[in-house]
Amino acid sequence: MKKSVLFKIAIPAVVAAGGMWMLSRGGSSEAVGTALYATVQEGPLVINVEEYGEIAPSQQLTIKSEVQGRCSIISLVPEGKIVKAGDLLVQLDASAKIDEKDSQEITLQNAKSSLEVAKEELDIQKNQSASDVELAEQDYTFAKEDLDKYENGEYPTKLIAQKGQLAISEQQVKQAKDKYEWSKKLFAEDFISETELEGDELSWKSSQLSFESAKRELELLETFTHRRELAKYKSDVKQKGMALERTRKKAASAIAKAESNLRAKESEYRKQVQRYEKITNQIDKATIRAPRDGQVVYAASRMGREPLQEGQEVWERQNLIILPTDDSFLAKINIHEASLKSVTTGMPVRIRCDAVPNRVFEGKVRKVAPMPDNERRWMNPDLKEYPTEILIDGGAGELRNGMGCKAEIIVEQYEKALYVPVQCVVRIAGETFVWVRGAGGDVQRKVTVGLDNSRFVRILSGLSAGEEVSLTPPLKDSNSGSDVELAK
């Protein structure tokens, strides 16, 4: 059914409902003792939900204080003024931030100096470590060369020399012995003197001693001296290698320490830079300018609080000013949880404003909040109302931000439906009943009901137009004796 048709049906429904009530109180409703009756009506019926609210722009910018902590307002644009983008809205006191900035500049310079020192210390440590490692590598190389020189140079040379000396001594012994044997023959024939014979004998014995000495020196070289010298050179190579490894690790550790110190100084410097930029940004945010054209509305006024004024303290993230971003409007209402099940997005709505009499605006439900309004719930824990937005068609030039309004959400409407007052229907054990007026008294009858609009409920089955039902059903079930409750 089109929206224009829906709105035309709603008015006759209300008239018919009022006529029925008057009729039930008048000639067609009779009192039997204290009993009252209402006639089952058939005709147009509107199922609606009515709530009061206020008009707001459909889209708006909420300007907040972004300065940390609390600060005072130095200057403030008047509420209701039309501003252009870039116009000054609020000037907050930033004197404390300016003092903090001056102090932070000193801290930042100290952090920068420490960073430069850490960089130089790292370069020095790298050079020193490279020099130490190079010197240790050189000592290790020389130690290996000395070992190689001894094994393949000095020792073989000494061994050959010692063996040569032994061979010479052995030959000398042989020659000296031969000469002595010959001298004995010559002495026996009186060709030489006894002194000469004794001299040749002495030379032979001396050569024998030299041979034994050379033999012992060769044995000493091969058995003791060579083994000791070789162990010494090998140990020196090992020690130099271990020293090189220690130097490398020490150099790496020193460089790592210097690099860690540099990273710490870099981190501290970045931290101080960010803090300086943050303070500078906070000073800039103390000057609040309009991001676009619009009419200034104080956020506190919308919330029923004390309006903003110069000298007032505000806190971080406090809503200060609201600027609409287009010419369309919303109706903001709160729906009681009892009506929540009946309302969905897209439902048609009629909006009336006392400030615009004789004018009905049309709209649709745009949004129903998933959670109840916490502020209202805080004031009254038993009250659970869900903020709802209704997008209004038109209204530019007539509606104003903050106007009070009444919204009628059209849940369902019918050109022809059976309905009775809601107090006629009761629920027993999960089923709905009415008491129909009969010749012998009221008769309990089961009925199937649809939605209600807080005044009338739609009857889907169980009744016919013109029948009369009790407006004062019994409080006890006549069959089971259990308590009954209104079906709503």
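**Figure 1. Salt bridges across the predicted model.** In this predicted model, a search of the whole structure turns up 18 salt bridges. Side chains of opposite charge can pair when their charged atoms come close. Among the residues involved are K97, E100 and R275, which are joined in a network of salt bridges. Individual pairs follow in the next views.

**Figure 2. K416 and E42 form a salt bridge.** The two side chains meet at 3.9 Å, N to O. K416 sits in strand 16 (residues 404–421) and E42 in strand 2 (residues 41–57), so this pair ties together parts that are 374 residues apart in sequence. K416 is exposed, at 61% relative accessible area. E42 counts as partly exposed because its relative accessibility is 44%.

**Figure 3. K179 and D200 form a salt bridge.** The N to O distance between these side chains is 3.6 Å. The pair links distant parts of the chain, 21 residues apart. K179 belongs to helix 2 (residues 95–188). D200 belongs to helix 3 (residues 194–285). With a relative accessibility of 12%, D200 counts as buried. That assignment follows because buried means under 20% relative accessible area.

**Figure 4. E201 and K205 pair within helix 3.** Their side chains meet in a salt bridge at 3.4 Å, N to O. Both residues lie in helix 3. They are 4 residues apart, about one turn of the helix. E201 is partly exposed, with 24% relative accessible area. K205 is also partly exposed, at 43%.

**Figure 5. K97, E100 and R275 are linked.** This close-up shows the three residues named in the first legend. Salt bridges connect K97, E100 and R275 in a network.

**Figure 6. S470 is buried in strand 21.** S470 lies in strand 21, which covers residues 468–470. Its relative accessibility is 1%, so S470 counts as buried. A polar atom of the S470 side chain lies 3.0 Å from the backbone nitrogen of T472. Leaving aside residues up to four places away in sequence, S470 touches L36, Y37, C424, W435 and D442.

Note on methods:
Residues numbered from 1 in each chain as written. Predicted model: local features only at pLDDT ≥ 70, side-chain atom pairs only at ≥ 80, totals over all residues. Heavy atoms only, no water. Helix = DSSP H or I, 4+ residues; strand = E, 2+ residues; numbered from the N terminus. Buried < 20%, exposed > 50% of the residue type's maximum accessible area, 1.4 Å probe, protein only. Polar contact = N/O pair within 3.5 Å; in protein donor to acceptor, adjacent residues only side chain to side chain. Contact = heavy atoms within 4.5 Å. Salt bridge = Lys/Arg side-chain N within 4 Å of Asp/Glu carboxyl O.
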